[in-house]
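Below is a short briefing on one protein model, covering its sheet, a helix pair and the ligand surroundings.

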Amino acid sequence: MLFFCCKNDTDGRIKTWYLPIFLRFTPFKFSDTSYLLYVSLRVMQGVNKQNIRHLSLAELEDYFVQSGDKKFRAKQVYEWLWQKHAHSFDAMTNLSKEWRTKLSDVFELPALTVEASQYSADGTVKSRFKTVDSHLVEGVLIPTDTRQTACVSSQIGCSLTCKFCATGYMGRKRNLDFDEIYDEVVLINQQAERIYQKKLSNIVFMGMGEPLLNYKNVLKAIERIASPDGLGMSPRRITVSTAGVAKMILQLGDDEVRFKLALSLHAANDTKRHEIMPINDTNNIRSLVEALNYFYRKTGNEITLEYILFKDFNDSPEDAAELVKVFRQIPADLVNIIEYNPIDMASFRKPDEQVTNNFMQYLEKNRVNARLRRSRGKDIDAACGQLANKEGIQQLQ
Ligand code: SF4
């Protein structure tokens, strides 16, 4: 591996020579150009520091012991990283100046920053976060009387091209690392405390990207969020929403995760679902029903179905009847019927109020626990399916 080679080289020219080998064997796709560029430039500059947040506590302890210090020093640093949210080694004020310099010589501490925020009339706050390699990703704070919910992104863009979703038209740039996802939650929590004097109560992975296609980072981020030496939030207050990757839903069951799962169904037969969600080609409704039943058998965790109503597409009584049939096959607690937010790239519209009411009444009559979710943050393009890093966001930071 190139980084190993670099460690033993002092000559910058040798590092440059190894670059093609790194590019040949890198796990990143060539569409991840700016990330590759960022990594490549750092390699050529001879910068091969490790992200300190990618070390476990045990690894940090090893580092300090091998460097001739005490184990407890690692715990102090770990607290700065995961609980005090330090963004530089200089901020770690209970470490000696010498240790702070030593750490910054060996490690790097990249962090997400808030580039801009927009405030909706209904209290919703959308923020645009910047990664260390200059990508932009969005997250939303959704306040209600009883909750402060963070809607976070798991990828920069998305590869699944759902026809109704602005992110789907961006393509996927790269996955977010677990520490970047963690930073989103920390930054949104800081906004909740600053604006509403309340801590976050819930987290939903419903922002940009398909969480189950960034499985390891999402699970690791949730582990850090739920850990007592992280944010200490209950995993029961976290919901991961998927467009339906059956294989990974089975994996969640095998991993016996403790968070809740939501399936974006949006159409209750394969023909219609394929039309708006190309992933249905390889993950049809039958395979998702089986995977969700397996997930429930293994975890007992709450499952929600998400269903956006589209005018003259999936809003008829026949569509409602098909939705009831699918609901009966899944141990789902709830169906969220979601009001659609039009985007420029697609011609979908939301149904008239009467049609929506009829749809809800049909579900109620058939004893489906369904709730109508009105959109939040529509005036700032922060509502479901609208996250896409539009230019012109109001600079408020
Ligand atoms: S709805 Fe979700 S899975 Fe589909 S394109 Fe948008 S972000 Fe990706």
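**Sheet, helix pair and ligand shell**

Valine 204 stands opposite threonine 239 in β10, within a parallel pairing of strand β9 (residues 202-205) with strand β10 (residues 238-242) that runs over 3 bridges; strands are DSSP runs of E of at least two residues, helices are runs of H or I of at least four, both numbered from the N terminus, and two strands pair if DSSP finds at least two bridges between them. The model is predicted, so that local features need pLDDT of at least 70 and side-chain atom pairs count only at pLDDT 80 or more, whereas totals for chains, interfaces and linings use all residues. Residues are numbered from 1 along each chain as its sequence is written.

**Sheet**
- An open sheet of mixed pairing is formed by 10 strands in the order β3-β4-β5-β6-β9-β10-β11-β12-β13-β14.
- Its edge strands, each pairing on one side only, are β3 (113-119) and β14 (370-373).

**Helix pair**
- Helix α9 (residues 246-254) packs against helix α11 (residues 285-299) at an angle of about 10 degrees, the axes lying 8 Å apart, where axes are lines fitted to C-alpha atoms, for helices over the stretch in contact, and angles run from 0 to 180 degrees between N-to-C directions.
- This makes α9 roughly parallel to α11, a label for angles under 35 degrees.

**Ligand**
- Around the ligand are Cys158, Leu160, Thr161, Cys162, Cys165, Thr167, Gly168, Met208, Gly209, Glu210 and Ala243, each with its C-beta atom, placed from the backbone, within 6 Å of the molecule.

Technical notes
Angles under 35 degrees count as roughly parallel, over 145 as roughly antiparallel, 65 to 115 as roughly perpendicular and the rest as oblique.
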